[in-house]
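Open the model in your viewer and keep the selection tool at hand. This tour goes stop by stop.

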Amino acid sequence: MEQPLGFLDLKFPNRVCRLKKALYGLKQAPRAWFQRLSSFLISLGFVCSWADTSLFVLKMASDILYLLVYVDDIILTGNNASLVRHFLTRLHQEFVITDLGKLNYFLGLEVSYHASSLFLCQSKYAYDILARAKLLDLKPISTPLSTSKYFTTQGIPFSDPTLYRSFVGALQYLTITRPDISYAVNQVSQSLHAPTQDHFQAVKRILRYIKGTLSFGLSFLHSTSPDLLGYSDADWARCIKTRRSTYGYSIFLGGNLVSWSTKKQPTVSRSSCESEYRALANTASEIIWLTHLLRELHVLPPGRPTILCDNRSALFLSQKSYLSQTCQAYRY
């Protein structure tokens, strides 16, 4: 702490002002902390990632360290245990931190270690959602969304929109390790401004599905051929009101699911070919970002990424575009 410039007390230069009211809510504090931490890491030889500014990488010959920052939480890993301990010593000397040991729980994510795999889940977080909704006694259901259900803005308004938004927001965070509910959560997220009774019933259906799948998560296995493989698909003009399409993709690295998304396209597609091509373009964009990230992590696969699509017209169109220069597209 230092006295602000222009308000220095020459008689007491080491004194500081006592804060009675924060005019700006101290919103600058996280930025100042990150600036202080990043300057320290860069002075030690770390490089800040361009693909993810919260990621820092230290490469020394065959040794490598990865450091991920989320506000005041830090994850550190590397392939050299002595280098990790040496860095932790330097970090303790510079900052007052608490070493929580091996990563087991981080921001709602649970990590389980097995002989040949790593398992991520959010069982406790999902259980807390059900407990808050008082739906622990509901009967589970096998699917998160009905295949014949179409949502509209018409219907009986839901009595508590704030409660609806709270549950949907919690479900959005749950999709970090639950890609199986990604599409269903996307559908109920489109009515946050004016939910109806039907929308809330859809949320309850998702919660019933989660009740029976609390142990679901993501498993990461070691792979000898870590190639990038993406699946792209689109549902042409599904939205009855806007006639916009919903697209989705899933990207695998060495057989492990590392990225997925479900979104409504911003414009109306005139054909299924156009809708599928837009989905291909978004999948290629995500793969390009992943290749930049993997290059900074020094684990970029040597082969060219592959995208699989089920629309022949979109494949023919992609062969004459920029997509063919970045990824190989095939039909599945």
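Which residue forms a salt bridge with R178? Select D180: the closest N and O atoms of R178 and D180 are 3.0 Å apart. A salt bridge here is a side-chain nitrogen of Lys or Arg within 4 Å of a carboxyl oxygen of Asp or Glu.

Before moving on, note that this is a predicted model, where local features need pLDDT of at least 70, side-chain atom pairs count only at pLDDT 80 or more, and totals for chains, interfaces and linings use all residues. Residues are numbered from 1 along each chain as its sequence is written, and side-chain values use heavy atoms, with hydrogens and water left out.

**Stay with R178 and D180**

R178 is buried, at 2% relative accessible area. D180 is partly exposed, at 32%. The cut-offs: buried is under 20% relative accessible area, exposed is over 50%, and partly exposed lies in between (1.4 Å probe, protein chains only).

**Next: two helices**

The structure holds 4 salt bridges. Two more of them follow. Select K124 and D128. They form a salt bridge, with the closest N and O atoms 3.2 Å apart. Both sit in helix α3 (residues 123-133), 4 residues apart, so about one helical turn separates them. K124 is partly exposed at 45%. D128 is partly exposed too, at 36%.

Now go to helix α7 (residues 272-296) and pick R278 and E274. Their side chains meet in a salt bridge of 2.8 Å, N to O. These two are also 4 residues apart, about one helical turn. R278 is partly exposed, at 30% relative accessibility. Helices are DSSP runs of H or I with at least four residues; strands are runs of E with at least two; both are numbered from the N terminus.

Select residues 246-253, strand β10. How many of its 8 residues are buried? The count is 7, which leaves β10 mostly covered.

Two strands pair if DSSP finds at least two bridges between them. Find D235: it stands opposite T246 in β10.

Finish at the hairpin of β10 and β11. It has 2 residues between the strands. Click G254, which takes a positive phi near 60°.
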